[in-house]
Amino acid sequence: MSVKRSTSDAFSGLPNLRIEYSGALSEADLAPDWPAQFARWFTEALEAAAAGHLPEPNAMVVATADAQGRPSARTVLLKGFAAEGFTFFTNYGSRKGVEALANPHASAVFPWYAMHRQVVVVGSVAPVERAVTAAYFATRPRGSQLGAWASPQSTVIPGRDALETAWAEVAERYPEDTPVPPPPHWGGFLIRPESVEFWQGRPSRLHDRLRYRRVAEGTEQWLVERLAP
């Protein structure tokens, strides 16, 4: 006779579910500025992905908050980075879009678990220029372009059929070989960092945390600080 376990029994091993991290990051290892350091780590993440060890190295968890400070988070894909910051694209009417427009602050985390690393970005967020959106939108697969028109992102819909019907209607509006323009409600956001932390897991949870922090708003002077793990 089988005994049905309770939910609490099924997850009783959670307190002991952990791995031991390895690696190290010292101040001497850092590049002169955060864009160069991010480029270095991102290149290594791409190499790990090519070897099959890390899925979607450009995936990042972006957190926003509404005007009352109530937070939300989701995974999006990084589509550009430079000294100005990190760029992603979305529907401006989605939850993250509405929150970013109402409360222009955001955080992003690159969770490179397989490498025992993460990068934590905190800063302001603002829409990119329309030309930047148009240039990126032109590179998207056609199905994704149509999806940007068809999906009223983050709103309640009656079912999957409604979404697929809307997609089919957009596909009819823009036949094959017809350019699909970016929707007016869709575009990019730039997270302009105030701080960029590079986190490297180490044994005994004594991780290395090195953070580039902007000295003052509107300047390009940065400090490097070590944070306790």
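**Exercise 1.** State what covers the buried residues of helix α4.

Solution. Begin with the list: in this predicted model, the buried residues (under 20% relative accessible area, 1.4 Å probe, protein chains only) of α4, residues 130–137, are Thr133, Tyr136 and Phe137. They lie on the same side of α4, because the arc they cover around the axis is only 100°, taken from the directions from the helix axis to the C-beta atoms. Next, look for contacts (heavy atoms within 4.5 Å): the cover includes β4, α5 and β7 (186–200). Helices (H or I, at least four residues) and strands (E, at least two) are DSSP runs, numbered from the N terminus.

Residues are numbered from 1 along each chain as its sequence is written. Local features need pLDDT of at least 70, side-chain atom pairs count only at pLDDT 80 or more, totals for chains, interfaces and linings use all residues, and side-chain values use heavy atoms, with hydrogens and water left out.

**Exercise 2.** Find which element gives the most to the lining of the largest pocket.

Solution. Two elements, β4 (85–91) and α5 (142–150), each supply at least two lining residues. Of the elements, β4 gives the most, with 3 residues. The lining residues include Phe89, Tyr136 and Trp186.

**Exercise 3.** Locate Ala83 and name what it touches.

Solution. Ala83 sits in the loop between β3 (80–82) and β4. Leaving out residues up to four places away in sequence, Ala83 touches Trp34 and Pro35. From Ser22, Ala83 is 61 residues away in sequence and 30 Å away in space, C-alpha to C-alpha.

Terms used
On a 1 Å grid over the protein atoms alone, a cavity is a set of points where a 1.4 Å probe fits but cannot get out, and a pocket is an open set with protein on both sides within 12 Å along at least five of seven lines; lining residues have an atom within 4 Å of a point. Buried means under 20% relative accessible area, exposed over 50%, partly exposed in between (1.4 Å probe, protein chains only).
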